[in-house]
Amino acid sequence: MAITRATSTTAPSRRLVLAGRATTDAIGLAVVGGGLLVLGLVMTFSASFVQSAAQTGDAFDVFARQAFWAGIGLPVALVAAAVDYRRWRRGTALALLVTLVAMVLVLIVGEEINGARRWFQLGPLSVQPAEIVKLTLPAYTAHILALRWARVRRGDVTAMWLPAGPAIVLAAALVAVSPDLESAVLVAAVGLTPLFVAGLPLRILAIGGAVVAGLAAWAISTTPYRVGRIDAWLDPTNEAFRDGYGYQTTQGFIALGNGGVLGVGLGQGRGKWLYVPNAHTDFIYAIIGEELGLIGALCVMAAFAALAFFGCRTAMRAPDTFGRLLAAGITAWLALQAAINISSVVGVLPVTGVTLPLVSFGGSSLVITMAGVGILIAVARQCPPVGTRAGQGGAEGVDVEVADDDG
């Protein structure tokens, strides 16, 4: 396509523009993301068929729901990957506003499960607004920073922090009161990533980090089950915790140890026979380690490392400020969430309840994650060829609906 990139002196085009072309990073993201999705479908069935049969009489119940959401997410991801990512810029503020309103409503009328209100129940399906904000928040932050890029480059902290900062605080607070402290910290980190990449002074980040740490410590110390989780994490095999707060961690360790180097074989694991709690959600990595062994577990880690690599390179090579910051935010989301999940399963962190992206069972979380990967691919498709500096010889230029003040 012979098209040119709009600048602040060029009238923006209103026509639909598709992403540029296949690049190494775009192909890498598609292959790794697709591989993790397929692995997730296979392991969701393997980890859930015992529980599904016991609870509903249908061994395929959980798998069928995951396959349904994957069927919804696939065209969403394809559209996100095909359409120029800059076409979504005008809608970022509205998307975030709708998400925040939904997060407020879910606290009032949402389905209550185990004392938490995080889901809208739509018949047999559920939607979790806190998952959607992981995409809408960094997209909005990237858009705001790109619009003010000239001021941001001059070190104007106000231009960086307002109104993105209050939006991040509000989103994280709504997640925290759901209550979901771990996801709240993740949402804050994902929202702050574009600010960090844009050059927000480290002293401000340090102050913000200290405030978050202090609030988190207060929330943990005033909640008995969180204190129990911390105690069990420090000594999960202690008899005082082994059959309580430390039970999930201990059973996860047993499953991982049982897998050895090569694993016991796909479908042959024993942990899913109602020993490992949440075997198909936040502890699916333990089932992977048991059935596919250390090699399989390391391959999953390598896949997420590759996803982070391609995402970071996309962020560095993106042709405009919005693309750089958006790619950085999405990459941070996927990499941090995977790191938190795996770390909690292997005992590096306390049990968090954070799921493994693209792999763990989840409805709205799977669809929104696939959309995020699709947008990341769209940014990668606009990057210049490897060996060419960003902004030179790439993507043959693109008409955009909103021009960034990117100099």
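Modeller: Happy to! Let's begin with a term: a cavity is a set of grid points where a 1.4 Å probe fits but cannot get out, and its lining residues have an atom within 4 Å of a point. Please keep in mind that this is a predicted model.

Colleague: Okay, how many cavities of 30 Å³ or more does the structure hold?

Modeller: There are three of them.

Colleague: Which residues line the largest cavity?

Modeller: Its lining is made up of Met103, Val106, Leu107, Arg117, Arg118, Pro129, Ala130, Leu174, Val175 and Ser178. By type, that lining divides into seven nonpolar, one polar and two charged residues.

Colleague: And which helix gives the most to that lining?

Modeller: Helix 3 does, with three residues. At least two residues each come from helix 3 (92-109), strand 2 (116-122), helix 4 (129-147) and helix 7.

Colleague: What lines the second largest cavity?

Modeller: Among the residues lining the second largest cavity are Glu131, Gln337, Thr355, Leu356 and Phe361. The lining of this cavity splits into five nonpolar, five polar and one charged. Helix 15 (residues 364-381) contributes the most to it, with three residues.

Colleague: Let's switch to pockets. What volume does the second largest pocket have?

Modeller: Its volume is about 700 Å³. The pocket is lined by 26 residues, and Ala172, Ala188, Gly208, Val212 and Leu215 are the ones nearest its centre.

Colleague: How do those lining residues divide into nonpolar, polar and charged?

Modeller: In the lining of the second largest pocket, 22 are nonpolar, three are polar and one is charged.

Colleague: Where does the largest share of that lining come from?

Modeller: From helix 9, which supplies 10 residues. Helix 7 (164-176), helix 8 (181-198) and helix 9 (202-221) each give at least two residues to the lining of this pocket.

Colleague: New topic: the core. Which residues touch the most other members of the largest nonpolar core?

Modeller: Those are Leu137, Phe304, Leu326, Ile330 and Leu356, in a core of 92 residues.

Colleague: What does Leu137 touch?

Modeller: Leaving aside residues up to four places away in sequence, Leu137 touches Leu96, Ala167, Ile168, Ala171, Val187 and Gly191. As background, nonpolar side chains in soluble globular proteins tend to be buried together.

Colleague: Now the charged side chains. How many salt bridges does a search of the whole structure find?

Modeller: The search finds nine. One of them joins the side chains of Arg86 and Asp320, with an N to O distance of 3.6 Å.

Colleague: Why does that pair tie together parts that are 234 residues apart in sequence?

Modeller: Because Arg86 lies in the loop between helix 2 (61-82) and helix 3, while Asp320 lies in the loop between helix 13 (284-317) and helix 14 (321-346).

Colleague: Are those two buried or exposed?

Modeller: Arg86 counts as buried, at 2% relative accessibility, and Asp320 is buried as well, at 0%. The two are also linked with Asp84 in a network of salt bridges.

Colleague: Which residue does Lys134 form a salt bridge with?

Modeller: With Glu131, and their closest N and O atoms are 3.0 Å apart. Both residues lie in helix 4, three residues apart, which is about one turn of the helix. Lys134 is buried, with a relative accessible area of 2%, and Glu131 counts as buried at 8%.

Colleague: Last one: where is the place of Ser343?

Modeller: Ser343 sits in helix 14. The relative accessible area of Ser343 is 18%, so it counts as buried, the cut-off being under 20%. Setting aside residues up to four places away in sequence, Ser343 touches Val348 and Leu349.

Colleague: Great, thanks for the tour!

Technical notes
Residues are numbered from 1 along each chain as its sequence is written. This is a predicted model: local features need pLDDT of at least 70, side-chain atom pairs count only at pLDDT 80 or more; totals for chains, interfaces and linings use all residues. Side-chain values use heavy atoms; hydrogens and water are left out. A nonpolar core is a set of buried Ala, Val, Leu, Ile, Met, Phe, Trp, Tyr and Cys residues joined through side-chain atoms within 4.5 Å. Buried means under 20% relative accessible area, exposed over 50%, partly exposed in between (1.4 Å probe, protein chains only). Contact means heavy atoms within 4.5 Å. On a 1 Å grid over the protein atoms alone, a cavity is a set of points where a 1.4 Å probe fits but cannot get out, and a pocket is an open set with protein on both sides within 12 Å along at least five of seven lines; lining residues have an atom within 4 Å of a point. Grid points are joined across faces, edges and corners, and a volume is the space filled by probe spheres set on the points. Helices (H or I, at least four residues) and strands (E, at least two) are DSSP runs, numbered from the N terminus. Ala, Val, Leu, Ile, Met, Phe, Trp, Tyr, Cys and Pro count as nonpolar, Asp, Glu, Lys and Arg as charged, and the others, Gly among them, as polar. A salt bridge is a side-chain nitrogen of Lys or Arg within 4 Å of a carboxyl oxygen of Asp or Glu.
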